[in-house]
Amino acid sequence: MENSTEARAVGVVGAGIVGVALAFLLSRRGFVVTLIDRDAPGRTGPSFGNAGHIAGSEIFPISNPGILGTAIRMLAAPNAPLKIDPFYAPRLAPWLYRFYLSGRQKAYKRATEALTLLSAKALPSTKALLAEAGLGNMVRHAPALYLYESRHSLENAIPNWRAKLERGHSYTVIADRRDLAELEPSLSREFAGAILSDDWGAVTDPYDVVTDLFQAAIGSGVEYRRANVEAIHPAEHTITVKGEGKAFNFDKVVIACGAHTPLLARQIGDHLPIEAEGGYNYTYPASGLELNHPLILADRGIAATSLLRGLRVGGWAVFAGLNSEPKQAYFDRIEKIAIRTFPGLRTHGGQPWSGLRPSTPDSVPIISRSARAKGIFYSAGHGHCGLSLAAASAEIMLELLRGNQQAGQPFAIDRFERPG
Ligand SMILES: Cc1cc2nc3c(=O)[nH]c(=O)nc-3n(C[C@H](O)[C@H](O)[C@H](O)COP(=O)(O)OP(=O)(O)OC[C@H]3O[C@@H](n4cnc5c(N)ncnc54)[C@H](O)[C@@H]3O)c2cc1C
């Protein structure tokens, strides 16, 4: 552990992967850390059931210059990965508008630069953090296969992969179905080709990562308090966090509550454009097959991974608000895709799960101090890549807490106030 003269009391609210990774790193760097969650660490949010991928080459924001046409086509197709609940659409409208603006050239370029910086650290930082916690065996280098259903969609994707190569992410085109079958024998023959992306990793199981890292954090001195945080009061020298009749005082507080972060931020006067983006999956404990790579079904917004708990297949982007209930019809469609993709799949005992990603309009997480209150910080909005970016985000937040504001510049909340 490093010695630090700055052993200040930091409260981290939220014990998903982002909060737990941060709490562990801060305690190892000499901060006195209390982690607060209303639930067991990693149990309720998307940190529990995500695909377990460390997506090192995901450098492009979801919104892009052609997004309007793509989104309209997707919304019209029942099997497309994007869904918006029509009753929720009016409340989503301001976020959607920002999403659209984020796809314009200048904003798109800025978001790509930010994600390029962060994604370069995805695998190395995750490996370093887990190794420091004595959990190095929970993450491995695992090149990913992006699968395309037609030649046309493979060819359409190539310019993006070339642009990734220019930013240092190497790839290999697999244009022959026989080569693909050799790489991933359990896959259906319907795929016309694939891209093998080198800079990826995978964890043994995302929930195990949170719980084991949490134990490591406790071992390095982090205190854990269970409380539903209802209010955060910043004062000149102390910040008081209140919930369920309890009150905790800190020098600094980091709010890392995933999709729930804007609710606490609003009280402080910060507007965080983070929406809950639902994802659905099935985990098959006795699938009868083992994948050699993390898989991305690029045309369907679906990922698949072999984890310790079984084969996990799922994805999608469903916007229906923070309090929405999962829809059985979506689980059914995900299962149909799983069966079609893996003809030998044994579905018996399959467990459905759904979680809410915390998504920003530009796909860039918010790793930032509050624009309103001194001593309050946010690490949230990691969207599709929270597991991948938790360790790298913790490193940036460490710098912010040490007073180095430059470190967080591309991730600061004031970017939403700058002209697009
Ligand atoms: C289907 C699916 C697949 C995914 N696959 C991947 C993947 O392969 N790789 C990847 O990198 N990412 C993936 N993601 C995204 C990733 O899971 C998320 O980005 C990440 O888990 C977000 O973590 P978090 O810690 O910010 O939030 P959360 O996991 O939501 O944790 C927030 C915590 O805050 C607590 N909390 C909230 N409000 C309060 C309050 N008021 N008081 C006290 N506690 C509070 C909650 O109880 C929770 O424990 C996937 C997501 C989904 C849905």
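Start with the shell around the ligand: select it and you will find 18 nonpolar, 22 polar and four charged residues.

What you have open is a predicted model, where local features need pLDDT of at least 70, side-chain atom pairs count only at pLDDT 80 or more, and totals for chains, interfaces and linings use all residues. Residue numbers start from 1 along each chain as its sequence is written.

**Stop 1: around the ligand**

Stay with the ligand. It is surrounded by 44 residues, and the closest are Gly16, Gly45, Gly258, Gly279 and Gly386. A residue is near a molecule here if its C-beta atom, placed from the backbone, lies within 6 Å of it. Now colour the elements that each supply at least two residues of this shell: helix H1 (17-28), strand E2 (32-37), strand E15 (275-284), strand E18 (310-319), strand E19 (351-359) and helix H11 (386-401). Helices (H or I, at least four residues) and strands (E, at least two) are DSSP runs, numbered from the N terminus.

**Stop 2: helix H11**

Pick H11 from that set and look along its axis. At Ala392 H11 bends by about 30 degrees; the bend is the angle between axes fitted to the seven residues ending there and the seven starting there. Is H11 mostly covered or mostly open? It is mostly covered, with 13 of its 16 residues buried. Buried means that 20 or more other C-beta atoms lie within 10 Å of the residue's own, exposed means 12 or fewer, and partly exposed is in between, with C-beta atoms placed from the backbone. Go past the end of H11 and select Gly403, which has a positive phi, near 100 degrees.

**Stop 3**

Most residues other than glycine have a negative phi. Here are two to check against that. Select Trp316, whose phi is near 75 degrees. Trp316 sits in strand E18, and it counts as buried because it has 21 C-beta neighbours inside 10 Å.

Then jump to Glu244, a residue other than glycine with phi near 50 degrees. Where is Glu244 found? Look in the loop between strand E12 (239-243) and strand E13 (246-250). Glu244 has 11 C-beta neighbours inside 10 Å, so it counts as exposed.

**Stop 4: strand pairs**

Strands of a sheet pair through backbone hydrogen bonds, either parallel or antiparallel. In this tour, two strands pair if DSSP finds at least two bridges between them.

Take the parallel case first. Show strand E14 (residues 252-255), which four bridges join to strand E1 (residues 9-13) in a parallel run. Val12 has Val254 as its bridge partner in E14. E14 also runs parallel to strand E21 (residues 376-380), with three bridges between them, and there Val254 stands opposite Phe377.

Next, centre on strand E8 (residues 193-197), where four of the five residues are buried. E8 pairs in the antiparallel sense with strand E6 (residues 144-148) over five bridges, and Gly193 in E8 is the bridge partner of Tyr148. Strand E7 (residues 171-174) also runs antiparallel to E8, joined by four bridges; Val173 stands opposite Ile195 there.

Now hide those and show the open sheet of three strands, ordered E3-E9-E5 with antiparallel pairing. Strand E3 (53-54) and strand E5 (139-141) stand at the edges with a single partner strand each, so one side of each is left without a neighbour in the sheet. E3 and strand E9 (residues 201-203) are paired over two bridges, and Ile54 has Gly201 as its bridge partner in E9.

**Stop 5: an exposed loop residue**

Select His348, in the loop between helix H10 (328-341) and E19. His348 is exposed because it has 10 other C-beta atoms within 10 Å. Draw a distance to Glu275: the two C-alpha atoms are separated by 34 Å, and the residues are 73 apart along the chain.

**Last stop: zoom out**

Show everything as a cartoon. How many helices and strands does the protein have? There are eleven helices and 21 strands. The radius of gyration is 21 Å, close to the 22 Å that the globule rule gives for 420 residues, so the protein is as compact as a globular protein of that length. That radius is taken over C-alpha atoms, and the rule is 2.2 Å times the number of residues to the power 0.38. Along the principal axes, the C-alpha atoms fill a box of roughly 65 × 45 × 40 Å. Of the 420 residues, 49% count as buried.

Methods. Nonpolar A, V, L, I, M, F, W, Y, C, P; charged D, E, K, R; others polar.
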